[in-house]
Amino acid sequence: MDWRILILIVGFLIGLSKGGVGGPISVALALPLLSQTMGLKQAVGLTLPLLMFADMFAMRYYWKQWDMRYIRLLLPMAVVGIVIGAFFLKILPEDILKKVVGIFTLGVIVYKLASDSLRSVEYQPRDWHGYLAGGASGFASTLANLGGPPSTAYLLLQKIEPASFIGTVTLLFFVINLLKVPMYLLLGNDVLDLNLILSIIWILPIIPVGVWTGRKIIGWMNPKVFDWSLIAVLLYTSLSLLFS
C-alpha cells in the first residue's frame, strides 16, 4: 500500500482518538502501519506534526481544565525522558527499534485492558510515582509516540474527575510533543525530514474529520466494540514488528 494512503489512515485514526474513540490504541497503530512502507524512525518523525495538530483541537476543548499539581509532578521527569528517548532513537538500529516498538504496542494493549479497573485499585499516592510515570511517558513518546499509558495509568489511580483527567493529559502531551521538536531536529533527516513533512500538509484536514467521526461513532455504536476491533489489529501489527 502507498505510504500516502497509510498516513491518511493514520491521520484519521489520530482524529478518532481526539474524538473520544480508540484512545491510545488509535495512536499506537500509527507506527506499525507506516513501518510497512518506511523506516520506523522516519515514521516517528512523520507522525509528530499530525499529533501536534490534533493536540490543538484537544487543547481547545479542555482549555484550563487541567490540574497543575499533576503537571508539576509529571513534566520535569518527562523532559529527562525525552532526552533519553532521543538518545536511544539515534543509536538503536532499525531492527532493534522494531522489537522495542512491538513491546511498547503490546504494553498499550495491556494498559487498555487494565484501565477500567485502575480506578477501583486501593492506592496510596507518592510523588515519586508521578516522577516515574512522567519519565516513562517522555521516553516512550520520544522513542515511539507511545507515551500515553504510563501517565494516564498514573492519573487514573488518582481518581480525579474526568474533565480534569483529560485536560491534564492534553496539556502534558501538548508540551511533550512541542519539546520533542528540537530533539528530533537535532537527530536530522533520519527522523524529522522537513521536506517530507511539508509534502503531507494536505492530510491535516482529515484530522478534524476523524474528531467529528469519533464523536458520532459514540452515538452510532458501542465504542467498546470499536476498541476491540482496534485491539485486534494492534495485536497483529505489534506481533508483526516483534517477529519480522
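This report walks through a few residues and one surface patch in a predicted model.

Let us start with the backbone. Most residues other than glycine have a negative phi, and most peptide bonds are trans.

Lys64 has a phi near 65°, a positive value in a residue that is not glycine. You will find Lys64 in the loop that links α4 (40-61) with α5 (68-91). Lys64 counts as exposed because its relative accessibility is 62%, and the cut-off for that label is over 50%.

Asn145 also carries a positive phi, near 55°, and is likewise a residue other than glycine. Its place is the loop between α7 (127-144) and α8 (148-158). Is Asn145 buried or exposed? With a relative accessibility of 6%, Asn145 counts as buried, since the limit for that label is under 20%.

## Thr47 and its surroundings

Asn145 leads us to Thr47, as the two are in contact. Thr47 belongs to helix α4 and is buried, with 1% relative accessibility.

## Asp55, a buried acidic residue

Helix α4 also holds Asp55. Asp55 is buried, as its relative accessible area is 3%.

What does Asp55 touch, leaving out residues up to four places away in sequence? Its contacts are Lys18, Phe173, Phe174 and Asn177.

Met77, Val80, Ile84, Phe87, Phe88, Ile91, Trp128, Tyr131 and Leu132 together make a nonpolar surface patch of about 860 Å². The elements that supply two or more residues to this patch are α5 and α7. Helix α5 gives the largest share, with 6 residues.

Trp128 is one of the patch residues, and its place is in helix α7. Trp128 counts as exposed because its relative accessibility reaches 53%, which is over the 50% cut-off.

Key. Residues are numbered from 1 along each chain as its sequence is written. This is a predicted model: local features need pLDDT of at least 70, side-chain atom pairs count only at pLDDT 80 or more; totals for chains, interfaces and linings use all residues. Side-chain values use heavy atoms; hydrogens and water are left out. Helices (H or I, at least four residues) and strands (E, at least two) are DSSP runs, numbered from the N terminus. Buried means under 20% relative accessible area, exposed over 50%, partly exposed in between (1.4 Å probe, protein chains only). Contact means heavy atoms within 4.5 Å. Patches are made of residues with over 30% relative accessible area and no salt bridge: like charges are joined within 9 Å, nonpolar side chains (Val, Leu, Ile, Met, Phe, Trp, Tyr) within 5 Å. Accessible areas come from the Shrake-Rupley method with a 1.4 Å probe; for residues, only the protein chains shown count as cover. A salt bridge is a side-chain nitrogen of Lys or Arg within 4 Å of a carboxyl oxygen of Asp or Glu.
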